[in-house]
Amino acid sequence: MTNSKSTRPNRQKSRQDSKGSNPKGSGTKGNAFKSKGVNRPYKGKPSGKSAQHESKPAVETFELSDKKERIAKVIARAGLCSRRDAERWIAEGRVKLDGKVLETPAIVVGPDNAIEVNGEPLPLPERPRLWKYHKPKGQITAARDPEGRDTVFDHLPKDLPRLQPVGRLDYNSEGLLLFTNDGGLKRKMELPATGWTRRYRVRVHGQVDERHIKTLAEGITIDGVHYAPIEASISHQAKTNAWMLMSLKEGKNREIRRVCEHLGLIVNRLIRVSYGPFQLGEIEPGDIVELPAKLIRDQFGLEGKASAPKEANSKPNLSGKKPQGRVGRKPSDKPTGKKTGPSRGKPTSGPRGKRS
């Protein structure tokens with residue numbers, strides 16, 4: 001696919017991403033609950049056995065939509081700020097539309113409108129991108145914390161675009177946290193209608209039996225709040241602690257901790273290992289990996305396709321695959337005929353991966 005170009009007055013080419021360093025997060029290697037897939041960290045040495053199989057950056061871009069949208073959403077998609085901040089900038093007279101200072105955010109704009117923010121043309125929005133991050137315990141999923149605690153954003157590379165977390169993990173929880181640069185993609189992934197399963201490894205203090213498993217499967221109402229059925233199984237039972245695998249499709253605040261406490265089980269460790277088709281894999285705590293553009297395109301039906309997000313039911317499609325798409329390379333207009341890897345055996349009848 002070739003990159004789309006635009007000569008519209010309110011667009012300009014986005015600047016080339018620059019490489020940055022990724023502070024290595026703390027954590028122990030050899031976690032018993034890591035999956036078999038080998039993933040590469042955002043920055044640093046490859047985590048696999050050989051560096052020669054490291055994937056190249058994905059350079060595909062997605063076609064821009066010609067539909068009209070609220071101006072605050074357009075500004076936010078360009079990566080300058082949030083929608084709320086965009087509305088505040090408009091109230092402060094910092095935004096011009098077609099050469100005139102805009103006075104209200106209650107207006108829709110299209111690709112032919114010229115938008116300026118602080119006297120500069122609005123940058124071209126990036127294609128929707130997605131990252132997975134191994135959140136360690138002791139970080140809050142927020143841009144800032146009134147109590148002064150560490151946030152996930154304090155530990156992300158500084159050269160990444162403005163990112164938004166998909167869902168949340170609380171301060172004492174660990175594991176897979178997804179980030180995206182696109183607010184529309186974030187909302188689509190969080191919608192209950194999407195029906196994606198979140199899977200967790202949970203260590204609880206107490207003795208777990210079939211009575212607990214059955215109660216979780218039926219759903220629980222606690223203080224007037226109903227929690228949907230949770231699929232649970234016991235993976236290991238010791239004298240005072242047990243490891244459980246729990247799967248749920250809604251994401252209410254502290255849901256697992258509350259239902260376990262209601263059953264007399266105290267959660268002392270909680271690790272999210274997958275979110276829909278996306279798996280944590282073997283990235284170290286504190287590492288962030290960008291997911292392939294093709295994966296996003298296929299899962300979300302982008303480029304004008306009407307298909308809804310789909311989940312790989314029992315076999316998430318990232319297991320065992322190397323990630324693609326490191327930050328730091330500018331998309332190229334020139335197609336390349338290079339192969340993505342060494343060929344083995346006899347040649348096939350057609351190019352590998354070609355769509356019909």
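Analyst: This is a predicted model. Start with helix α6 (residues 293–300): 6 of its 8 residues are buried, so the helix is largely enclosed by the rest of the structure.

User: Which residues of α6 are buried?

Analyst: An α-helix has 3.6 residues a turn, so residues three or four places apart point the same way. Here the buried residues are Ala293, Leu295, Ile296, Arg297, Gln299 and Phe300. Buried means under 20% relative accessible area.

User: What covers the buried residues of α6?

Analyst: The cover includes β7 (130–135), α3 (183–190) and β16 (278–279). After the helix comes Gly301, which has a positive phi, near 60°.

User: β7 is part of that cover. How should I read the two sides of a strand?

Analyst: In a regular strand the side chains alternate between the two faces of the sheet. In β7, Leu130, Lys132 and His134 point one way, while Trp131, Tyr133 and Lys135 point the other way, and all are buried. The strand is mostly covered, with 6 of its 6 residues buried.

User: Which strands pair with β7?

Analyst: One partner is β9 (residues 174–180), which pairs with β7 in the antiparallel sense over 6 bridges. Within that pairing, Leu130 has Thr180 of β9 as its bridge partner. β7 also runs antiparallel to β17 (residues 288–290), and 3 bridges join them. There, Ile288 of β17 stands opposite Tyr133.

User: How does a hairpin look by comparison?

Analyst: Take β13 (residues 231–237) and β14 (residues 241–248), an antiparallel pair with 6 bridges. The hairpin connects them through 3 residues.

User: Which residues of the largest nonpolar core touch the most other members?

Analyst: The core holds 32 residues, and those touching the most other members are Phe179, Val204, Leu216, Met246 and Ile256. The elements that give two or more residues to this core are β7, β9, β10 (198–205), α4 (210–218), β11 (220–222), β14, α5 (255–262) and β15 (266–275). β14 gives the most, with 4 residues.

User: What does Met246 touch?

Analyst: Leaving aside residues up to four places away in sequence, Met246 touches Arg198, Arg199, Tyr200, Val202, Leu216, Ile230, Glu231, Ala232, Ile256 and Cys260. Leu216 and Ile256 are also among the core residues that touch the most other members.

User: Now a single position. Is Val166 buried or exposed?

Analyst: Val166 is buried, and its relative accessible area is 0%. This residue lies in strand β8 (residues 164–166). Beyond residues up to four places away in sequence, the contacts of Val166 are Leu177, Leu178, Thr180, Lys186, Met189, Glu190, Arg272 and Tyr275. Tyr275 is 109 residues from Val166 along the chain, yet their C-alpha atoms are separated by 9.6 Å.

User: What do the totals for the whole chain say?

Analyst: Among contacts between residues at least 6 apart in sequence, 72% join residues at least 24 apart. Of the 356 residues, 42% are buried. The secondary structure consists of 6 helices and 17 strands. The chain exposes about 20600 Å², of which carbon and sulfur atoms supply 49%.

Conventions:
Residues numbered from 1 in each chain as written. Predicted model: local features only at pLDDT ≥ 70, side-chain atom pairs only at ≥ 80, totals over all residues. Heavy atoms only, no water. Buried < 20%, exposed > 50% of the residue type's maximum accessible area, 1.4 Å probe, protein only. Contact = heavy atoms within 4.5 Å. Areas by Shrake-Rupley, 256 points an atom, 1.4 Å probe, with all protein chains shown as cover. Pairing = 2+ DSSP bridges. Core = buried A, V, L, I, M, F, W, Y, C linked by side-chain atoms within 4.5 Å.
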